[in-house]
Amino acid sequence: MVVARHRPTKAIIDTAAITENIKNERSRLGQDTALFAVVKANGYGHGAVETAQAAAKGGAAGFCVATIDEGIELREAGIHAPILLLGVVGVQDIPLLASYDFSFPVASQAWLQEAENYLAEVSLERPLKAHIKVDTGMGRIGFLDAKAVAEAAKWLDQHTAFEWEGIFTHFSTADQADTAYWQQQHLFFQEVLSTLPHLPRYVHTSNSATALWHEQAVGNMIRYGVAMYGLNPSGHDLEAPISLKPALSLVSALIQVKLLEKGSGISYGETYITPQQEWIGTVPIGYADGWLRKMQGFSVLVEGEYCEIVGRVCMDQLMIRLPREMSVGTKVTLIGENHGKCITMQDVADQLDTIHYEVTCTLSARIPREYKS
Ligand SMILES: *Cc1c(COP(=O)(O)O)cnc(C)c1O
């Protein structure tokens with residue numbers, strides 16, 4: 001998709017906020033605990049390379065991404081710090097793991113077997129940095145029992161093509177007030193660790209929520225994601241122990257303003273009909289930008305006033321009801337601050353019945369990202 005640069009709609013990313021969010025969490029960690037900034041999915045929609053650079057300034061020692069291609073993007077931008085892939089990779093891509101120096105999860109014995117067969121045919125420029133993934137209750141990827149983990153560890157120790165660099169797990173309820181299931185996962189992971197003859201360099205368990213609310217269990221590395229962008233991982237549920245400064249605002253401008261007579265239909269299906277004479281403004285953003293049709297009825301900010309989105313959101317444009325005549329070119333804030341008022345990512349998520357993670361990832365590639373520090 002092309003980036004629509006010749007349009008007033010843009011996401012403004014405050015890189016200083018990201019640096020500050022990282023610094024604040026970094027200062028709560030011990031000196032020997034590394035913070036890896038999670039910049040998968042284009043930095044949760046904020047831009048992977050720019051947010052990685054901002055995170056590095058705040059003390060991030062490494063980065064996590066979901067896929068090989070996301071890792072390659074960082075390497076091609078000149079980032080030499082450690083990069084951990086979070087998803088399972090196919091053995092046919094082993095040469096890329098070595099050449100780009102990626103760390104990666106090992107999640108099953110079958111994978112190790114396949115890798116052994118594959119490695120009989122190729123030689124690599126450096127050892128493969130494996131992190132054993134333990135599934136302690138997420139039900140996603142990883143070894144399910146201590147015996148299998150111990151066998152995998154032994155296997156890695158015996159195979160010189162591999163360096164056993166890490167062991168980790170992932171919690172499914174760290175963002176909730178009820179900690180019973182979290183405790184169960186935590187105890188299981190401790191039990192698994194206790195059966196191993198030695199531990200690798202990195203032992204890690206923490207996404208943002210575990211880092212914020214279960215700091216007793218971080219191991220010596222954290223995978224810090226959504227909170228680095230200034231968003232509270234629990235949504236409304238738990239208060240964060242540190243201030244989180246949102247990094248992204250979404251702005252546009254009025255491209256047409258008109259006075260419509262009472263009884264005028266607005267947008268497809270004329271789902272809104274002006275109940276009286278009204279000033280209506282048009283804004284160049286729509287569902288192709290990730291501003292979804294469910295946003296009908298929500299408000300945006302213009303000159304510090306909440307203006308309702310009236311009628312259906314179109315692919316590229318939407319209409320809002322203005323309190324008075326306003327000039328074409330007037331700034332419209334869809335997310336962020338405007339004249340002392342604020343629309344948060346959480347407000348948008350609430351309107352869409354989802355979590356803010358999904359909102360940031362849904363803002364499409366058509367919206368240019370502009371960086372300010
Ligand atoms: C995405 C992800 C994270 C980061 O999660 P946040 O909630 O954004 O902090 C950490 N670990 C794994 C395995 C992930 O997939």
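In strand β17 of this predicted model, Ile320 is the bridge partner of Ile309. Helices and strands here are DSSP runs, numbered from the N terminus, with at least four residues (H or I) for a helix and at least two (E) for a strand. Strand β17 covers residues 318-322, and β16 pairs with β17 in the antiparallel sense over 2 bridges. Two strands are said to pair if DSSP finds at least two bridges between them. Residues are numbered from 1 along each chain as its sequence is written. Since the model is predicted, local features need pLDDT of at least 70 and side-chain atom pairs count only at pLDDT 80 or more, while totals for chains, interfaces and linings use all residues; side-chain values use heavy atoms, with hydrogens and water left out.

Strand β16 (residues 305-310) also has β15 (residues 299-302) as a partner, and these strands pair in the antiparallel sense over 4 bridges.

Next comes helix α4, which spans residues 68-76 and has Ile68, Glu70, Gly71, Ile72, Leu74 and Arg75 as its buried residues. Buried means under 20% relative accessible area, exposed means over 50%, and partly exposed lies in between (1.4 Å probe, protein chains only). Those buried residues pack against several elements, among them α2 (40-44), α3 (48-57) and β5 (102-106). After the helix comes Gly78, whose phi is positive, near 90°.

Take Ile68, which sits in helix α4. Ile68 counts as buried because its relative accessibility is 10%. Leaving aside neighbours within four places in sequence, Ile68 is in contact with Leu85, Val89, Asp93, Leu96, Leu97 and Phe102, where contact means heavy atoms within 4.5 Å. Ala161 lies 93 residues from Ile68 along the chain, and 19 Å separate their C-alpha atoms.

Zooming out, the protein chain has 11 helices and 20 strands. Its C-alpha trace spans about 80 × 45 × 35 Å along the principal axes. The domain assignment gives domain 1 (15-229) and domain 2 (248-343), with bounds that come from an automatic or database assignment. The centres of domain 1 and domain 2, taken over C-alpha atoms, are 42 Å apart.

Of the 373 residues in the protein chain, 54% are buried. Among contacts between residues at least 6 apart in sequence, 68% join residues at least 24 apart. The chain exposes about 16300 Å², with carbon and sulfur atoms supplying 50% of that area; accessible areas come from the Shrake-Rupley method with a 1.4 Å probe, and for residues only the protein chains shown count as cover.
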